[in-house]
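This briefing covers aromatic pairs, a helix contact and some backbone features. Please look at the structure before reading on.

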Amino acid sequence: MTSRPSFKVALAGLVLLLAVGVVWWRGAARSDDADPPTPGLTGPSVPTAAPASSAPVAAASATSKAPREQIPMPGCWDGLAALDRSATLESLHAAVSAAIQARDTALVAYLQERLTELVGEDPDRALQLVTWAMKAAPPEPAIYLEALKAAPAVRHPRVSEKLLSVAEDKSLAAPDRASALDALETQYRFTPDTRNRLKSIALDDSADAAAWMATRTLGRVMKEDYQRTGTYAPYWKDLLDIGTTSEDTAVRLLALEMPSYSDPLIDSGSIDTLANVMRTDKERDVREMAAFRLAVTEDPQKALAAFRAAFDGEHDLCVRWAILRFAVRAAGADALPLVEEFARKDPRLRQDYLDFKALYATGTTDFARIWLGKKEHHDCVVEEGAPH
């Protein structure tokens with residue numbers, strides 16, 4: 001039997017090899033005077049072979065065709081420790097530019113975190129990041145605004161107002177406006193005026209990515225406010241308006257989707273509007289999303305009536321299947337008579353009715369458990385963000 005080498009001995013050998021390599025690499029890096037380092041910080045150096053005598057070269061060439069194990073060397077940034085000790089916004093700003101130029105994504109990510117730490121709760125430092133973001137070329141704006149998003153100062157009134165003003169500026173590129181909106185997503189709540197301004201961006205056909213991001217920002221702050229205070233109705237009203245009036249399919253779909261992440265009970269007054277979307281929207285995905293939204297409501301019987309009214313006029317099998325399953329989610333076993341009616345009108349859904357009937361006959365009432373036991377009979381892709 002062949003014995004295995006001791007793990008500790010092998011590990012010690014590897015550590016020694018790495019240590020020797022690091023010492024040699026640093027010596028080689030110091031001897032390379034081809035380019036002066038960037039002030040404050042330089043990117044990782046690449047080790048280069050040192051000149052050797054002709055005898056070792058000849059020996060190496062004789063074995064050059066033999067496979068050799070290549071051990072990757074860890075990255076090392078000259079001057080990073082010194083930069084950390086005396087970091088300022090300006091020095092980190094310069095370092096970010098250098099790291100981007102070197103295409104060092106790991107260093108950029110680290111510097112972004114340091115910017116967040118340095119900004120902290122200081123609104124003036126936060127506003128400086130916004131200023132740099134608006135003057136820089138991609139990808140710098142997204143880096144500065146992402147750093148700001150994670151800092152407590154982003155919720156200072158002066159900072160949030162500045163970000164909203166940037167998002168409203170039609171002279172800026174849509175991605176930059178979208179980055180400003182993304183930075184607003186960590187707010188705890190929005191005032192009525194702020195919600196109206198975000199809604200205007202969301203309904204602007206020329207806003208492109210900013211319209212979509214304004215919708216998502218409304219929804220994410222709705223979730224935050226709902227979890228903190230139980231408030232969701234004013235946000236939902238704005239999102240429902242966006243979901244019924246935007247000309248952009250992706251924006252309408254997202255507006256109806258956003259309550260999914262906090263799952264409030266949809267009020268009875270919203271059912272008529274959602275029912276109209278489910279019957280009339282020109283896009284299948286949006287009609288399905290309206291059916292999904294009706295599945296969690298404070299008035300399940302009114303929701304069932306909306307599902308019944310939409311079913312006959314709907315000819316897409318996948319939307320009919322959505323109407324059926326979300327009717328079950330809305331009312332549980334009480335929806336089975338309606339599901340049987342759907343199955344009579346469309347025999348393609350008969351097996352779904354039989355499946356749900358058998359599952360509820362076991363005494364299970366929780367829809368999540370019911371759904372785990374339900375077989376899929378239709379080739380309908382469930383859109384991202386629209387869970388069963």
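Six aromatic pairs are present in the structure, a predicted model in which local features need pLDDT of at least 70, side-chain atom pairs count only at pLDDT 80 or more, and totals for chains, interfaces and linings use all residues. Residues are numbered from 1 along each chain as its sequence is written, and side-chain values use heavy atoms, with hydrogens and water left out. Rings of Phe, Tyr and Trp (its six-membered ring) pair if their centres lie within 6.5 Å; planes under 30 degrees apart count as stacked, over 60 as edge-to-face and the rest as tilted.

**Aromatic pairs**
- F292 and F326 form a tilted pair, because their ring centres are 5.2 Å apart and their planes are at 45 degrees.
- F292 belongs to helix α15 (residues 284–293) and F326 to helix α17 (residues 317–331), 34 residues apart; helices are DSSP runs (H or I, at least four residues), numbered from the N terminus.
- F292 is buried at 3% relative accessibility, and F326 is buried at 2% (buried means under 20% relative accessible area, exposed over 50%, partly exposed in between, with a 1.4 Å probe and protein chains only).
- F311 and F342 are stacked, because their ring centres are 4.1 Å apart and their planes are at 10 degrees.
- F311 lies in helix α16 (residues 300–311) and F342 in helix α18 (residues 336–345), so this pair ties together parts 31 residues apart in sequence.
- F311 and F342 are both buried.
- One aromatic cluster is formed by W321, F367 and W371.

**Contact of α16 with α18**
- The axes of α16 and α18 come within 11 Å and cross at roughly 5 degrees; axes are lines fitted to C-alpha atoms, for helices over the stretch in contact, and angles run from 0 to 180 degrees between N-to-C directions.
- The two helices, α16 and α18, are therefore roughly parallel (under 35 degrees; over 145 is roughly antiparallel, 65 to 115 roughly perpendicular and the rest oblique).
- L304, F307, R308 and F311 of α16 meet L338, E341, F342 and K345 of α18, where contact means heavy atoms within 4.5 Å.

**Backbone features**
- The peptide bond from P138 to P139 is cis, with omega near 5 degrees, and P139 is in the loop between α6 (123–135) and α7 (140–149).
- R103 is not a glycine but has a positive phi of about 60 degrees; R103 is exposed, with a relative accessible area of 75%.
- D208 also has a positive phi, near 55 degrees, and is in the loop between α10 (192–202) and α11 (209–229).
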